[in-house]
Amino acid sequence: MGVFANIMEIFKPKVRIYYGAGSRASPWNREIYEQETVRAIIDCVASNAAKAVAMHVTVDKQDRIKEIHRNSPYAKLLNQKPNGIMSGFDLKYKLVASLQEKNTAMAFIKWEGSTPVAIIPIQYSFFEFFGIQGGGYAVQFTDETDGKQYTLNVEDVVILRRHYNHHPVAGDSNSPITNTLSMVKASDEGLIEALTVANKVRGLLKQKKSMLAPEDVEKSTTEFAERFQKAAKEGGILGVDAMEDFTPLNVTPWSANAAQMKEVRENLFYYWRINPAILKSDFTSSQWQAFYESVIEPLLTQMAQAFTNACFTQRERDVGNKIIFSSSTLIYASMAEKVQLVSTTREIGMMTPNEQRELFGLPPVEGGDERVLSLNYIKQSDMSKYQTGEDPAPDSDPPADPGDGDTGKGGDKDGETAE
């Protein structure tokens, strides 16, 4: 945490924890993040998830959005400036990256009364959950940067978990890919060593002089090496006498071949459920859609529920307050697919002109937020009015006007019988 140490020291809740029922985190190995393919995968997932826009909304009983709170402090913290040194993108990136690396990510919400004023990601090296005397839970963690220990009420902490199965409060470890990472590391180190040997061993020098002492052979070899280096700098011509025979050696470095390494690295792609084309930014719209639905969308759902539970009381949640994360999946669709979508939905007014322009990377225009739709579609109940220009006929006769003197069937205003 480092720069947040003073904030955490001042604002950490004073809780009395019960040490008899703790639950510790799984071991964490930093080497996972130091592997290039793993880091590229984590960066890809975190970068795309961090582009999502957080919204504070109120939903109805059918869980449909009925109001978006544009000036909500929650939305401003999550999208603009969650704390003194981060942007909204930074916060979301850090939480998702920590989740992918450690399988458990946490953030502390700082309150002033009932208003949130900061959201601080927790960089831990170890943490443990405890019960609180009187009810509730606390999380005690050791900061990764300064090594200090802090204790927080769980109700003030956003918790994200990955591979949440066997551990009661945290995500399981990344031990399933330990062997894969060991193979990748061994192959990389073996290739470096092989290249080093291949670049240093140049040839075989044979001395034709008989009965040379070992020290004489070594001295002669050293002198030849010096002549070899000098020749390389001064024209490339190497002279040898009749008692020397130099045979160049072509040492080919050996390491795991490309097919073997591809298969090994495929295990990492399977583990994170990501297509290599996504990493290389060379994907099709269908590949992006699959990546979004299988990786990004579950993350956004998890983040929405975690922030909703941490930001609102039970009463506030009961009346429909929620945090949601919205991210467009259409931005990576092909031009033909975008044109088809606009053409298909234009008449029913599904999107405003500005929303349509956004798909093509165009700026909004004045008046473009008003929906435009065709008059060729009406509600079934309005069909008669639309065709005749009149109100639909009532299902039954209207009641008689008490002031017209009507006495019933066969009578007139004077009460006389009709002839």
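This is a selection-by-selection tour of a predicted model.

**Whole chain**

The mean pLDDT is 77, and 65% of the residues reach 70 or more. Select residues 13–21 next: pLDDT there is below 50, and the stretch has 24 contacts in the model beyond near neighbours in sequence. Then select residues 403–419, where pLDDT also stays under 50. For 403–419 the model has nine contacts beyond four places in sequence. Where pLDDT is low, the predicted coordinates should not be read in detail.

Switch to a cartoon view. The secondary structure comes to 14 helices and 12 strands. Among contacts between residues at least 6 apart in sequence, 61% join residues at least 24 apart.

Now show the surface. The protein exposes about 26,400 Å², and carbon and sulfur atoms supply 52% of that area. Of its 419 residues, 36% count as buried.

Select helix α5, residues 88–102, which contains Lys102. Is Lys102 buried or exposed? Its relative accessible area is 9%, under the 20% cut-off, so Lys102 counts as buried.

The side chains of Lys102 and Glu144 make a polar contact at 3.4 Å. The pair also forms a salt bridge, with the closest N and O atoms 3.4 Å apart. Glu144 lies in the loop between β7 (137–143) and β8 (149–153), whereas Lys102 is in helix α5, so the pair ties together parts that are 42 residues apart in sequence.

**Other salt bridges**

How many salt bridges are there in the model? The count comes to five. Side chains of opposite charge can pair when their charged atoms come close.

- Arg39 is partly exposed at 35% relative accessible area, and Glu34 is partly exposed at 45%.
- Arg64 and Asp60: here the closest N and O atoms are 3.4 Å apart. Asp60 is partly exposed, with a relative accessible area of 24%.

**Cysteines**

Select Cys44 and then Cys311. Cys44 is buried, with a relative accessible area of 10%. Cys311 is buried too, with a value of 6%. Do not look for a disulfide bond: the structure holds zero disulfides.

**Val319**

Finish in the loop between α11 (314–318) and β12 (321–326), which holds Val319. At 37% relative accessibility, Val319 counts as partly exposed.

Which residues does Val319 touch, not counting those up to four places away in sequence? They are Thr58 and Val59. Draw a distance between the C-alpha atoms of Val319 and Thr58: the separation is 7.7 Å, although the two residues are 261 residues apart along the chain.

Note on methods:
Residues are numbered from 1 along each chain as its sequence is written. This is a predicted model: local features need pLDDT of at least 70, side-chain atom pairs count only at pLDDT 80 or more; totals for chains, interfaces and linings use all residues. Side-chain values use heavy atoms; hydrogens and water are left out. pLDDT is the predictor's confidence in each residue, from 0 to 100. Contact means heavy atoms within 4.5 Å. Helices (H or I, at least four residues) and strands (E, at least two) are DSSP runs, numbered from the N terminus. Buried means under 20% relative accessible area, exposed over 50%, partly exposed in between (1.4 Å probe, protein chains only). Accessible areas come from the Shrake-Rupley method with a 1.4 Å probe; for residues, only the protein chains shown count as cover. A polar contact is a pair of N or O atoms within 3.5 Å; within protein, one must be able to donate a hydrogen and the other to accept it, and residues adjacent in sequence count only if both atoms are side-chain atoms. A disulfide is a pair of cysteine sulfur atoms within 2.5 Å. A salt bridge is a side-chain nitrogen of Lys or Arg within 4 Å of a carboxyl oxygen of Asp or Glu.
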